[in-house]
Amino acid sequence: MDAPNVIWLTLDSVRADRTSVHGYDRRTTPEMERIATAPKGAAFDDCFSHAIWSQPSITSMLTGTYPSAHGAGLHNEVLPSEIEPVSTRFDRAGYTTAGLSINPFFSEATQLDRGFDRFRAITSVKDFLTRDSVVPALKYLRRIRSHSAGFSTEVSKHRQDFVVNEIAKRWISDLAEGDDPFFMYAHYQGAHYPYYAPPQWAEEFVAGETEMSLEEAMAFAYDRSSNIYREIANGCAYTDDEWAALQAVYDASVAYSDWLVGELFDHLQAEGMENTVLVVTADHGDLLGEHGLISHNLSTDDALLHVPAVTYGFPDVGSRTDEVVQHIDLIETLVAAGGASTNGMAGYDLREESRPYAVSQRGKETRDRTFTRAQEFNPEFTSHPDVHDSLVTALRTAEYKYVRSDDRTELFNLPDETTDVSDDHPDVRDEFDGLYDDWFDRYGQPVESTASASHSDAAKQRLEDLGYVMDG
């Protein structure tokens with residue numbers, strides 16, 4: 001069989017337990033369900049991201065290495081030159097490579113554009129004024145009242161995923177005409193805060209969930225998720241009805257992202273691209289009240305780490321769709337299937353091996369930036385009982401989650417992630433101690449880079465609109 005085309009879609013901030021393809025009781029993801037149940041489709045029900053926010057998670061996907069090793073978004077601002085991205089691996093195996101991003105952490109600034117023959121990061125209005133995006137942008141403008149916030153001047157209310165999806169479809173058609181297989185990675189805004197879903201989807205998912213009107217629910221969700229540091233600092237003390245409004249608007253954002261996935265999948269089918277692998281996943285989830293928090297800054301809870309993973313045309317991996325897997329396993333399997341080298345990657349080829357446990361991390365830097373910003377609103381917000389102060393690593397099996405940092409070690413009997421059961425299961429804790437030491441010695445050792453990320457002013461504004469703390 002010829003090497004397959006590979007299309008990898010990352011939907012930002014989508015947690016698995018809010019997707020109907022993974023069991024949620026509201027049909028937020030009928031298109032992912034359609035793909036997963038197609039003759040060549042599948043859903044990996046226990047897929048866990050390697051990090052709780054975009055930069056380290058995306059970098060793990062695109063290198064097949066763990067966060068404490070590549071350090072991007074932790075101790076490094078950019079991908080170290082010593083670590084080879086999968087785009088370069090595919091390129092050496094004869095692939096044409098393409099990268100498309102709406103997230104500035106997947107961009108030239110973080111050096112994650114390395115190895116892509118074609119690369120576009122859309123972070124400002126002028127990024128739409130190129131040959132391959134003018135037509136999609138005009139289509140978007142014609143639909144701006146139904147697919148976005150109308151002609152509002154509040155930039156962060158506008159979700160440009162429609163344009164990204166249209167560009168992705170155009171690129172796929174173009175790449176399919178070539179003689180070589182292709183690898184395309186596209187990053188969508190997905191359900192990233194601030195939460196403001198297009199009206200058609202918002203109306204469907206908000207109705208009946210809250211006593212608020214649609215307009216009130218949208219305004220509440222937008223305000224709270226636009227001011228995450230203020231809300232974290234002040235304890236997210238919402239009523240049940242307010243939580244319902246926030247979560248309903250989040251669900252609507254997930255449903256809109258799913259609709260776009262369906263549009264792209266139909267395009268693939270129309271193109272007749274049978275020898276093509278499609279992966280649809282998320283870089284992380286979002287806290288929606290767990291530990292009294294919102295956003296994706298502090299915890300290693302499953303709400304942040306358990307993500308959807310739906311595939312079409314993926315290599316046969318038998319029953320491993322029911323086992324714990326991670327992004328670096330999916331990408332390593334695809335790199336190997338494409339005939340490229342996997343030397344230096346840290347995942348498992350799922351055609352041959354099973355993953356014994358998932359590994360996810362949150363850097364000290366993320367914790368410190370979050371607390372510093374939150375203290376602008378509440379100087380007394382100096383700690384949180386569920387938040388580790390240093391680099392934290394979580395090892396997860398189907399039954400337990402082991403969380404370790406310089407501060408302390410905890411063991412949780414899932415799904416409970418608040419009660420430390422270390423004293424009740426000392427043998428399990430000791431076993432995880434050994435697993436962690438072996439894993440860190442083999443895969444967790446840091447690679448250092450002194451390079452700085454060179455975000456443009458427009459990209460910095462985009463990141464601030466998305467709620468990130470920017471230095472300088």
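Let me begin with a definition: a residue is called buried when its relative accessible area is under 20%, exposed when it is over 50%, and partly exposed in between, using a 1.4 Å probe and protein chains only. The model before you is predicted, so local features need pLDDT of at least 70 and side-chain atom pairs count only at pLDDT 80 or more, while totals for chains, interfaces and linings use all residues. Residues are numbered from 1 along each chain as its sequence is written, and side-chain values use heavy atoms, with hydrogens and water left out.

Two residues show how the terms apply. Gln111 lies in the loop between strand S4 (96-101) and strand S5 (118-121). With a relative accessible area of 27%, Gln111 is partly exposed. Its phi is near 65 degrees, a positive value in a residue other than glycine. Ser13 also has phi near 65 degrees, positive although the residue is not glycine. Ser13, however, is buried, with a relative accessible area of 0%, and its place is in the loop between S1 and helix H1 (30-36). The labels H and S denote DSSP runs numbered from the N terminus: helices are H or I with at least four residues, and strands are E with at least two.

I turn now to strand S1. How many of the 7 residues of S1 (residues 5-11) are buried? The count is 7 of the 7, so S1 is largely enclosed by the rest of the structure. Asn5, Ile7, Leu9 and Leu11 point one way, and Val6, Trp8 and Thr10 point the other way. Strands of a sheet pair through backbone hydrogen bonds, either parallel or antiparallel. Two strands count as paired if DSSP finds at least two bridges between them. S1 runs parallel to strand S7 (residues 276-282), joined by 7 bridges, and Leu11 stands opposite Ala282 in S7. S1 also pairs in the parallel sense with strand S6 (residues 182-188), over 6 bridges; there, Val6 has Phe183 as its bridge partner.

A nonpolar core is a set of buried Ala, Val, Leu, Ile, Met, Phe, Trp, Tyr and Cys residues joined through side-chain atoms within 4.5 Å. The largest such core has 119 residues, and Phe183 and Trp8 are among those with the most contacts inside it. Helix H11 (residues 240-271) gives the most to this core, with 15 residues. A second, separate core of 14 residues includes Leu395, Leu411, Val421 and Val428.

S13 and strand S14 (residues 392-396) pair over 5 bridges in the antiparallel sense, and Val359 stands opposite Leu395 in S14.

Finally, I draw attention to two peptide bonds. The bond joining Tyr193 and Pro194 is cis, with omega about 5 degrees, and Pro194 lies in the loop between S6 and H8. The bond from Leu414 to Pro415 is also cis, with omega near 10 degrees; Pro415 lies in the loop between S16 and H15.
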